[in-house]
Amino acid sequence: MDNQTSNFIKDIMIKDLESGKHDKIVTRFPPEPNGYLHIGHAKSIILNFGLADDFNGLTNLRFDDTNPLKEDIEYVNSIKEDVKWLGFEWDDLLFASNYFEEMYNRAVLLIKKGLAYVDDLSADEIREYRGTLTEPGKESPYRDRSIEENLDLFERMRAGEFSNGEKVLRAKIDMASPNINLRDPVIYRISHATHHNTGDKWCIYPMYAFAHPLEDAIEGVTHSICTIEFEDQRPLYNWVVEQCEMENTPQQIEFGRLNLTNTVMSKRKLKQLVDEGFVDGWDDPRMPTISGMRRRGFTPESIRAFVRETAVTKNNATVDVEMLEHFVREDLKLKAPRTMGIINPLKVVITNYPEGQIELLDAEINPENPDMGMRKIPFSREIYIEQDDFMENPPAKYFRLFPGNEVRLKHAYFIKCEEIVKDADGKVVELRCTYDPETKSGTGFTGRKVKGTIHWVEATHAVPAEFRLYEPLILDETEEEEGTTFLDKVNPNSLEVHQGYVEPNMKESQPHDKFQFFRHGYFNVDPKDTSYGEKLVFNQIVSLKSSFKL
């Protein structure tokens with residue numbers, strides 16, 4: 001796991017190998033195919049695959065597809081794409097549904113042992129009978145059905161004789177247990193629904209808490225690594241493995257979830273954002289989904305480095321989102337070509353520059369990585385600069401362009417503002433400037449100095465582009481106040497769209513190409529809305545600087 005050289009899970013694995021308990025480490029990443037993966041899942045992926053790699057072990061990608069009402073092949077495909085994009089290859093691609101027959105047989109075994117029974121109580125009644133954290137549960141009136149009757153009813157459940165919710169199969173454990181998970185949990189329910197993998201073969205489906213330990217045991221998983229909310233379910237996990245008489249005995253180990261500031265990590269809430277149109281789908285660049293982060297421009301290397309820097313502990317942790325942004329800057333600073341883009345254009349006419357003349361100027365592709373070489377950028381009488389780089393009545397210590405002031409154009413010349421052109425509403429629409437030909441960059445001119453340097457794009461060859469700037473989607477990640485929901489904290493300014501220009505050498509940019517725009521930050525060519533040769537769309541990944549420090 002690279003620099004994540006020590007964590008308590010790895011220590012457990014070392015002891016298990018040294019003691020001879022296991023001769024090979026086998027882990028699994030077990031997503032439910034009922035949504036898209038997010039940055040929290042990335043920690044689980046990197047942990048499971050990384051630990052197995054540390055010990056030359058195996059990692060299965062196993063879909064926990066036990067609920068046909070919420071699952072879809074679309075989610076299966078997106079999860080496979082996300083895992084591969086993060087840089088991992090699974091040893092086996094498996095589905096819980098492949099084991100439905102064996103799970104059924106293990107449920108029959110429990111019935112024969114007097115450890116499971118068919119219950120006619122409704123879901124609400126089961127919930128009522130379960131009791132509370134301070135009061136024991138109450139036994140179902142159907143708990144003492146004979147083994148023969150339970151076997152008959154369970155077989156008829158499978159045959160489709162009963163409607164949804166009419167009956168369930170429950171484990172018979174202890175209704176007075178202080179652990180509510182052991183109070184006769186439901187292990188099978190009826191669901192007349194088509195399954196994405198098994199079609200209409202089944203109309204009863206195992207519950208996750210029953211299926212999951214069986215899947216791990218069937219596959220020979222040695223360490224079942226999951227998030228801390230499953231800690232209370234570990235006794236049930238162990239009970240299922242033991243009472244179903246599984247040959248292999250996996251060990252469940254829990255670790256703290258990864259949360260980010262100003263970031264929704266609930267799959268239910270993320271789905272609500274999509275369904276109610278607050279975002280443009282699961283891959284919207286504002287979403288913390290892996291597909292959204294990929295579209296925005298985060299790199300797999302930066303996500304892996306970020307996750308490995310976060311601690312593997314028993315406690316849930318909330319990490320500042322700026323830490324994630326720090327790692328993408330670190331990854332891109334030597335990779336991303338430097339270029340100039342104008343987000344809010346203001347036209348400048350250099351009145352003493354020859355009309356019709358185009359001059360090619362030299363500029364580094366990446367000054368922090370000289371091996372990337374140089375590029376040529378055109379310069380002429382007409383250019384665009386940022387509106388923010390000019391003020392008609394500037395405050396003190398404003399060193400950019402204003403009437404009578406001189407600035408350097410990046411990679412080019414000094415220019416001086418001589419005249420302002422306004423429209424009928426009094427808005428500045430054009431500047432008339434002069435340039436000094438002796439001040440060309442790279443010539444060693446030292447005759448005088450200027451305090452401001454601004455970027456620009458030559459107007460006649462400029463390529464139109466759309467720039468999308470992002471702020472946090474959620475303004476405050478704290479609990480909702482009474483009478484409000486998390487939707488009340490959605491940032492109305494989370495997306496800002498600008499029409500501007502980029503250098504002509506950007507015309508053939510491909511989806512997912514990444515650049516550092518002078519002063520604006522790192523950007524990614526949007527893979528969804530960019531039309532090659534027709535429309536360029538850039539998503540801002542991160543700004544250039546942050547106050548965050550490791």
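At 31% relative accessibility, His512 counts as partly exposed, a class that lies between buried (under 20% relative accessible area) and exposed (over 50%), with a 1.4 Å probe and protein chains only. His512 sits in the loop between β24 (495-502) and β25 (514-517). Although His512 is not a glycine, its phi is positive, at about 75 degrees. The structure is a predicted model, in which local features need pLDDT of at least 70, side-chain atom pairs count only at pLDDT 80 or more, and totals for chains, interfaces and linings use all residues. Residues are numbered from 1 along each chain as its sequence is written, and side-chain values use heavy atoms, with hydrogens and water left out.

The chain contains twelve helices and 27 strands; helices (H or I, at least four residues) and strands (E, at least two) are DSSP runs, numbered from the N terminus. The chain is more spread out than a compact globule, because its radius of gyration is 31 Å, well over the 24 Å that the globule rule gives for 550 residues. The radius is taken over C-alpha atoms, and the rule is 2.2 Å times the number of residues to the power 0.38. Taken along the principal axes, the box filled by the C-alpha atoms is roughly 100 × 55 × 40 Å.

Of the 550 residues, 52% count as buried. The accessible surface of the chain comes to about 25200 Å², and carbon and sulfur atoms account for 46% of this surface. Accessible areas come from the Shrake-Rupley method with a 1.4 Å probe; for residues, only the protein chains shown count as cover. Contact means heavy atoms within 4.5 Å. Among contacts between residues at least 6 apart in sequence, 71% join residues at least 24 apart.

A nonpolar core is a set of buried Ala, Val, Leu, Ile, Met, Phe, Trp, Tyr and Cys residues joined through side-chain atoms within 4.5 Å. The largest such core has 37 residues, and those with the most contacts inside it are Phe154, Leu169, Tyr188 and Phe210. Elements that give two or more residues to this core include the helices α4 (100-112), α6 (147-159), α7 (208-219) and α8 (234-243), together with the strands β4 (116-119), β5 (168-171), β6 (186-190) and β7 (204-206). The most is given by α4, with seven residues. A second, separate core of 35 residues includes Phe29, Ile39, Leu86 and Met323.

Leaving aside neighbours within four places in sequence, Phe210 is in contact with Met103, Ala107, Leu110, Ile187, Tyr188, Val240 and Cys244. Met103 belongs to helix α4 and is buried, with a relative accessible area of 0%. Beyond residues up to four places away in sequence, Met103 touches Ala96, Tyr188, Pro206, Phe210, Ala211, Leu214 and Glu215. Met103 and Lys201 are 98 residues apart in sequence, and their C-alpha atoms are 14 Å apart in space.

Several loop residues were also examined. Asp65, in the loop between β2 (58-63) and α3 (73-85), is buried, with a relative accessible area of 0%. Not counting residues up to four places away in sequence, Asp65 touches Pro33, Glu71, Phe95, Ala96, Ser97, Phe100, His195, His196 and Asn197. The C-alpha atoms of Asp65 and Asn259, 194 residues apart along the chain, are separated by 25 Å.

Asp184 is found in the loop between β5 and β6 and is buried, with a relative accessible area of 1%. Asp184 has a positive phi of about 45 degrees, although it is not a glycine. His22 occupies the loop between α1 (8-18) and β1 (26-29) and counts as buried at 14% relative accessibility. Apart from neighbours within four places in sequence, the contacts of His22 are with Asp16, Leu17, Thr222 and His223.

Asp200, in the loop between β6 and β7, counts as exposed at 61% relative accessibility. Leaving aside neighbours within four places in sequence, Asp200 is in contact with Ala193 and Thr194. The C-alpha atoms of Asp200 and Val537, which lie 337 residues apart along the chain, are separated by 44 Å.
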